[in-house]
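Trainee: How should I read the aromatic pairs in a protein model?
Mentor: Let us look at the structure first.

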Amino acid sequence: MKRVNSERHARARATAVLALLLALSSACQKFTANGGAGGSTDAGAAGEPQAGSSDSGASSGHGGAPEQAGAGGNAGVASSGAPGAGEAGAGGGSETAGGPSAGAGGSSVSQCPCTAPTPTCQAGRCVVRGPSMLKVNPFYIDSTEVTVAQYAVFSKLKTATPADQAPECSWNTSYDPPFVQGAPVALPNHPVTNIDFCDAAAFCAWADKRLCGNINGGPITLVQLADPDQSQWFASCAGPKSQQYPYGTAYESGACNDQNGTHKLLDVGTEPKCQGYYPGLFDMLGNAQEWVDACDAKSGPLDGCERIGGSYEDGADTVCSTSGQAQRNAYAPQVGFRCCSK
């Protein structure tokens, strides 16, 4: 009886060992087929590129499906490699050419707060609204007069309300240039004209700039208007030596779009000889006169404010220091503006 029991126990142990070996063999086969512990058939070394891999500009996670980013980012690329709608992961930002770069976790790093020459924060990016800006130590100024097309972006987005304007402009109910019978056709790259002082000031504020005034901030007095140490506009036109014309000390007929030019508005920046003391600064004389932040009061629409720089109607006697006064609510087909940094 003992021998029979011993043989039965031996056969049971052999059967158990055989079952264990078969189970181990099956597990090894599954491990190899799946490309590693916890992996799926899509994620092995020979698999297709995954979202977040080096092909998509982000780092891949373990076992991720094609539309899912791995560790460090949201999916911005499908398995085909085509751009998706998501954000890029840690390998790079979702935008280029100055766009925000991606930080840890795949979220974009904001460039804001912003300063000139790209003073406006827009969706986490620092951009410039209106003309590009040129450095005139220690401030920036628009390289050209504000154009019809640039102003139209502002006027379509903004409604004139007292809350958005200085108290002396609370009377202003529209930023749209009025129709003027016989005025030149407003082409997109012409200086925007037929706008009053308050319209110009509102555009500059929207662009996180200001109408050119005192270098140290705020408005400028008439006495300071031709002082290169005080006036942003005059310092830009005449330079530190206070030369009479933006291009030099003597008048050059035809250099700027003045009375000896076309007798009409031209596209901004198209007169190569009419650059300011600083290269790349155009039309400081001629083309359109420009509003500056130099008014004799802050009471309302009848305040007298300065317009400087001459227009296509003015001649050789117009120099960098020449200005004329008009009411704050006045507008004319030869008067526009440009902005300076705050």
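Predicted model: local features only at pLDDT ≥ 70, side-chain atom pairs only at ≥ 80, totals over all residues.

Mentor: Residues are numbered from 1 along each chain as its sequence is written, and side-chain values use heavy atoms, with hydrogens and water left out.

Trainee: What describes a pair of aromatic rings?
Mentor: The distance of the centres and the angle of the planes describe it. Rings of Phe, Tyr and Trp (its six-membered ring) pair if their centres lie within 6.5 Å; planes under 30 degrees apart are stacked, over 60 edge-to-face, and the rest tilted. Searching the whole structure gives twelve aromatic pairs. Phe 154 and Phe 203 have ring centres 5.5 Å apart and planes at 80°, so they are edge-to-face.

Trainee: Is Phe 154 buried or exposed?
Mentor: Phe 154 has 1% relative accessibility, so it counts as buried (under 20% relative accessible area; exposed is over 50%, partly exposed in between; 1.4 Å probe, protein chains only). Phe 203, at 0%, is buried.

Trainee: At what angle are the planes of Phe 154 and Trp 206?
Mentor: Their planes are at 50° and their centres 5.5 Å apart, so this pair is tilted. Trp 206 is buried at 14% relative accessibility. Ring pairs join Tyr 151, Phe 154, Tyr 175, Phe 203, Trp 206 and Phe 337 in a cluster.

Trainee: Which ring has the charged end of Arg 307 over it?
Mentor: A charge sits over a ring if NZ of Lys or CZ of Arg is within 6 Å of the ring centre and within 35 degrees of the ring normal. For Arg 307 the ring is that of Trp 291, with its centre 5.5 Å away.
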